[in-house]
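Trainee: Could we go through this model together, starting with its rings and then turning to its strands?

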Amino acid sequence: MTKIGYARVSSKEQNLDRQLQALESVSKVFSDKVSGATTERPQLQAMLDYIREGDIVVVAELDRLGRNNKDLTDIMNAIQQKGSTLEVLNLPSMSGIEDDNLRRLINNLVIELYKYQAESERKRIKERQAQGIVLAKEKGKFKGGKPKFTENDPRLQLAFKLYIEGETEKDVERQIGINRRTFQRYRQKYNIHRK
């Protein structure tokens, strides 16, 4: 039985120290500096690949694993499928309960409540953000994100040319370095289609 830690902060500027201090009793720690709203977390995936039957995955807080109910459920299922268990340090300890089944049941109920709370908080943050944008627009202070490319940008024009000549979006991304989704948006914006 090995204790494996996972820590996460939402951006590169944020510090992992507080979580790492809480996880100092574990054998190995995996950590990401990326939003919990995304599933593109390489160290989370590495941790899920690493754990074995009987291991305990330890996190300081449940929202470090994920910010919405579906992701949390998927991650917790992946941990269980490996035969491992989850320990959340800021949840009440269940160690005083002798019956394994009762302890597991209560632990699962508490985790479900925290998952709901984490998702609700994420929704509230998005709502406040949207309200702030509306207010800023009303005051003429919100400009939105600046476009990456103008229509006559040489890189964008070359990307359009390659695409029209038959290159795939993946090829364009590899050759020009414009992200596929970004390229799709600009193709739609400027109505670029193959003949």
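**Rings and strands**

Mentor: Happy to! This is a predicted model, and the count of aromatic pairs in it comes to 6.

Trainee: What kind of aromatic pair do F160 and Y190 form?

Mentor: Start from the geometry: the ring centres are 6.4 Å apart, with 70° between the planes. Planes over 60 degrees apart count as edge-to-face. So, with the cut-off for the angle passed, the F160 and Y190 pair is edge-to-face.

Trainee: Is F160 buried or exposed?

Mentor: Its relative accessibility is 4%. Buried means under 20%, so F160 counts as buried.

Trainee: Which charged residue sits over the ring of Y163?

Mentor: Y163 is one of the residues that ring pairs link into a cluster, along with F149, F160, F183, Y186 and Y190. A charged end lies 4.0 Å from the centre of the Y163 ring, and this end belongs to R194.

Trainee: Now the strands: which residue of β4 is the bridge partner of V59?

Mentor: Strands β3 (residues 56–59) and β4 run parallel and are joined by 4 bridges. On β4 (residues 85–88), T85 and E87 make up the uncovered face, and L86 and V88 the covered one. The partner of V59 is V88.

Trainee: What is the handedness of the crossover from β3 to β4?

Mentor: Between β3 and β4 the chain passes through helix α3 (residues 69–81). This β-α-β crossover is right-handed.

Definitions and conventions
Residues numbered from 1 in each chain as written. Predicted model: local features only at pLDDT ≥ 70, side-chain atom pairs only at ≥ 80, totals over all residues. Heavy atoms only, no water. Phe/Tyr/Trp six-rings, centres within 6.5 Å; stacked < 30°, edge-to-face > 60°. Buried < 20%, exposed > 50% of the residue type's maximum accessible area, 1.4 Å probe, protein only. Lys NZ or Arg CZ within 6 Å of the ring centre and 35° of its normal. Helix = DSSP H or I, 4+ residues; strand = E, 2+ residues; numbered from the N terminus. Pairing = 2+ DSSP bridges. Right-handed = clockwise from strand over helix to strand, strands pointing away.
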